[in-house]
Amino acid sequence: IQCRPERRRRLEERFNLHHPVMSETPMKAMILAAGKGTRVQPITHVIPKPMIPILQKPVMEFLLELLKEHGFNEVMVNVSHLAEEIENYFRDGQRFGVEIAYSFEGRIEDGELIGSALGSAGGLKKIQDFQNFFDDTFVVLCGDALIDLDLTEAVRRHREKGALASLVTKRVPKEQVSSYGVVVTDAEDRISHFQEKPKVEEALSDTINTGIYIFEPGIFDHIPSGVSFDIGSDLFPKLAELGAPFYAIPMDFEWVDIGKVPDYWQAIRSVLLGDVRQVGIPGKEIQPGVYTGLNVAANWDKINVSGPVYVGGMTKIEDGATIVGPAMIGPSCHICEGAVIDNSIIFDYSRIGAGVQLVEKLVFGRYCVGKDGDHFDLQEAALDWLITDARRQDLVEPSPQQKAMAELLGTELTQAAS
């Protein structure tokens, strides 16, 4: 539904709107990648959220593929927390078929990079203040979701409505709304209220913000310079209050959010179960539902395995181990005799000791994480002989006290080292 012509003209003049016809020229986009990812800790202690792997491929890489598919070939990325991890992987974007530039948010202190994010809208404004990069309709994506969306159609609908700002929305079960920005619209999909992560009982609808935004350059008139300013909690309520041409674009599409540890857990399960169209299981299928990378050392006749399971290259699995899918074991791991990996995710270079039982667990470096996000530090708990780095050479036989502790944790330890 479009605005009446006269009303639309007034809105265009007031909010400095410009909606040219879509052309073949490269379109511009922004990926928000500066957040600390506190809700996905401890993974984000050492990996920024956009680099979290989905079967060995960073989530941000899928976003770049989507942008390229729809003609968005010039991509700005704001970075802050662990910025070098993102920049060193994606570089200037050549091998992904796009152009990428980075805007660092932070400073150097005593020779060390210190991240200091400006908020999602503040990061956009910093880029625009540096040089008027966003000179036409542009798309903004959050760097922590797998999406399979017709961006071309979303932009078309944004322009058809004469919008200054649009956000792609999706309905979720009411009990999940507190994890998202809730959107309330009128009959024409114009946004009247925006609630950032409300309590369930205070939510005004079950329609949520998916972190996919479409803006006109006039949006920068509403974002202050040099201060932290968020799209969801600051900019959107301001637009709704002003009565700006601010619209929801409800679309039916595949969207896997990775905002919290349980979300990541579900994303991996969904991929292994074949529920995510744009993500295939890598490697070679050696038997039904069991996929492996290169040179996996395993005698599958002596391993109890039920798929779907992915095992990364150069991983060793000893006889007598049990693997129950959906499960992912990263590259260069060592799964010892009698160990059980049941509905669990094991990151690369993990050594799972003999008899260790992992049920619905995520092992990442020195941390063991439950699917609800609760975790403990194996090193601090003096259990790093039980689950540790596969590259360690200093493993010794556990003491009687360590064996007793392992039994309390639900293991059936026979020996610590093989």
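Which residue caps the N-terminal end of α5? Select Asp150: a side-chain oxygen of Asp150 lies 3.3 Å from the backbone nitrogen of Thr152, and this caps the helix end. Helices are DSSP runs of H or I with at least four residues, strands are runs of E with at least two, and both are numbered from the N terminus.

This is a predicted model, in which local features need pLDDT of at least 70 and side-chain atom pairs count only at pLDDT 80 or more, while totals for chains, interfaces and linings use all residues. Residues are numbered from 1 along each chain as its sequence is written, and side-chain values use heavy atoms, with hydrogens and water left out.

**The whole protein**

Show everything. The protein has 8 helices and 32 strands. Of its 418 residues, 52% are buried; buried means under 20% relative accessible area, exposed over 50%, and partly exposed in between, with a 1.4 Å probe and protein chains only.

**Helix α5**

Select residues 151–160, which form helix α5. Its buried residues are Leu151, Ala154, Val155, Arg157, His158 and Arg159. Just after the helix, Gly162 has a positive phi of about 70°.

Now pick Leu151, which counts as buried because its relative accessibility is 0%. Leaving aside residues up to four places away in sequence, Leu151 touches Leu66, Leu67, His70, Phe72, Val139 and Ile212; a contact means heavy atoms within 4.5 Å. Leu67 is 84 residues from Leu151 in sequence, yet their C-alpha atoms are 7.9 Å apart.

**Salt bridges**

A salt bridge is a side-chain nitrogen of Lys or Arg within 4 Å of a carboxyl oxygen of Asp or Glu. By this rule there are 9 salt bridges.

Next, select Asp136 and Arg159, another salt bridge, with closest N and O atoms 3.3 Å apart. This pair links distant parts of the chain, 23 residues apart: Asp136 is in the loop between α4 (120–130) and β8 (138–142), and Arg159 is in helix α5.

**A hairpin**

Move to strands β11 (residues 181–185) and β12 (residues 191–196), which pair in the antiparallel sense over 5 bridges. Two strands pair if DSSP finds at least two bridges between them. Val184 has His193 in β12 as its bridge partner. The two strands form a hairpin with 5 residues between them, and Asp189 in the turn has a positive phi of about 70°.

**An open sheet**

Which strands make up the open sheet with parallel pairing? The order is β19-β22-β25-β28. The edge strands, β19 (304–306) and β28 (357–359), each pair on one side only. Zoom in on β19 and β22 (residues 322–324), which pair over 3 bridges. Here Ser306 stands opposite Val324.

**Last stop: Asp257**

Select Asp257 in strand β15 (residues 254–257). Asp257 is buried because its relative accessible area is 14%. Not counting residues up to four places away in sequence, Asp257 touches Asp144, Ala145, Tyr180 and Asp263.

Definitions and conventions
A polar contact is a pair of N or O atoms within 3.5 Å; within protein, one must be able to donate a hydrogen and the other to accept it, and residues adjacent in sequence count only if both atoms are side-chain atoms.
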